[in-house]
Amino acid sequence: MWSNLDSTIVSASGGFLNDSQDQSDGNKKTGKRIKKIIPVMIQQLTQLNDNLEGSIITLVGIIHHIEKSSTKVTYEIEDETGHITCFQWLAVGKSESIINLNTYVRVFGYIREQTEIKHILILKIWPLTTLNELTNHLLEVTYVTLKIQKTSNNEDKGSDVPMLDDNLGLTKEQTIVYRVIQAENDSENGIERKTLKNRVPKNMLPTVDEIIDFLTSEGHIYTTFTDDHFKTT
């Protein structure tokens, strides 16, 4: 069933049931772009297919263990369905604030697998400001699960179920690079090229520079502190 998650992605801004969000004009190079994510419970991650590697997922849970090294921070996060290891690479020369133990957090990241154990590469993590965010996440997961079940039933009946439009007008690989850059828009200088390459799937490394050049020429991203630091428009 979870193999259909690619076609059931919801907006992370403005509410997952809000179909009336403003989208940027296709003829304009700037404007608000919709961030799309897949809300999940931790137990569901064990059911996800490999074809979702590169997709951005979000989960909400409580931190039960933290380890910090010079290059990364590792969090053990648990929700009511299970627990998972999440790690965040630290940018060179930049200190990251460490979230306290027993804090509810929202995580955005990529699914990774090593020795048949799934973990999360963190793009963004922050503490919840209200438990209403936890309730909202549970509703998002329920909505997406029901949507997937409906899609699966239609496929079993031989119906043609269209894929949800990407909105960015980019290929899958271009979208991955765009979203990794977008996740660092709140930082002072954006994301550095080397850090970006550490966060994309390894099979994409030969084409990352070409994708960056394309996104720059099309006005989707721009350079900041140096020619190797980027933010999205």
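Strand β10 (residues 229–232) sends His229 and Lys231 to one side and Phe230 and Thr232 to the other, and all of them are buried (buried means under 20% relative accessible area, exposed over 50%, partly exposed in between, with a 1.4 Å probe and protein chains only). Strands, like helices, are DSSP runs numbered from the N terminus (helices H or I with at least four residues, strands E with at least two). Please keep in mind that this is a predicted model: local features need pLDDT of at least 70, side-chain atom pairs count only at pLDDT 80 or more, and totals for chains, interfaces and linings use all residues. Residues are numbered from 1 along each chain as its sequence is written, and side-chain values use heavy atoms, with hydrogens and water left out.

**The sheet around β10**

- β10 belongs to an open sheet of three strands in the order β8-β10-β9, with antiparallel pairing (two strands pair if DSSP finds at least two bridges between them).
- Because β8 and β9 stand at the edges with a single partner strand each, one side of each has no neighbour in the sheet.
- On one flank, strand β8 (residues 191–192) pairs with β10 in the antiparallel sense over two bridges, and Ile191 stands opposite Phe230.
- On the other flank, three bridges join strand β9 (residues 221–223) to β10, again antiparallel, with Ile221 having Thr232 as its bridge partner.
- β9 and β10 also form a hairpin, with five residues between them.

**The nonpolar cores**

- The largest nonpolar core has 24 residues, and those with the most contacts inside it are Val177, Val180, Leu196 and Val200 (such a core is a set of buried Ala, Val, Leu, Ile, Met, Phe, Trp, Tyr and Cys residues joined through side-chain atoms within 4.5 Å).
- Two or more residues of this core come from each of β6 (104–114), β7 (117–127), α3 (172–182) and α5 (208–217).
- The largest share, five residues, is given by α3.
- At least three residues of this core are drawn from each of domain 1 (37–147) and domain 2 (172–232), with the bounds taken from an automatic or database domain assignment.
- A second, separate core of 20 residues includes Val40, Leu45, Cys86 and Ile122.

**Helix α3 and Val180**

- α3 is mostly covered, with nine of its eleven residues buried.
- Among those buried residues are Gln174, Thr175, Arg179 and Gln182, as well as Val177 and Val180.
- Leaving aside residues up to four places away in sequence, Val180 touches Tyr110, Leu123, Ile191, Leu196, Arg199 and Val200 (contact means heavy atoms within 4.5 Å).

**Met41 in its loop**

- Met41 is found in the loop between β2 (36–39) and α1 (42–45).
- Its relative accessibility is 8%, so Met41 counts as buried.
- Which residues does Met41 touch, not counting those up to four places away in sequence? They are Asp79, Glu80, Thr81, His137, Leu138 and Val141.
- The C-alpha atoms of Met41 and Ile57 are 9.9 Å apart, and the two residues are separated by 16 residues along the chain.

**Phe87 and its ring partners**

- The whole structure holds two aromatic pairs (rings of Phe, Tyr and Trp, the last by its six-membered ring, pair if their centres lie within 6.5 Å; planes under 30 degrees apart count as stacked, over 60 as edge-to-face and the rest as tilted).
- One of these pairs joins Phe87 and Trp89 edge-to-face, at 5.6 Å centre to centre with 80° between the planes.
- Phe87 counts as buried because its relative accessibility is 12%, whereas Trp89 at 33% counts as partly exposed.
- The charged end of Lys72 sits over the ring of Phe87, 5.1 Å from its centre (this requires NZ of Lys or CZ of Arg within 6 Å of the ring centre and within 35 degrees of the ring normal).

**Asn102 and its backbone**

- Most residues other than glycine have a negative phi.
- Asn102 is not a glycine, yet its phi is positive, at about 60°.
- Asn102 lies in the loop between β5 (82–89) and β6, and its relative accessible area of 56% means that Asn102 is exposed.

**The chain overall**

- The protein chain contains five helices and ten strands.
- Of its 233 residues, 44% count as buried.
- Among contacts between residues at least 6 apart in sequence, 60% join residues at least 24 apart.
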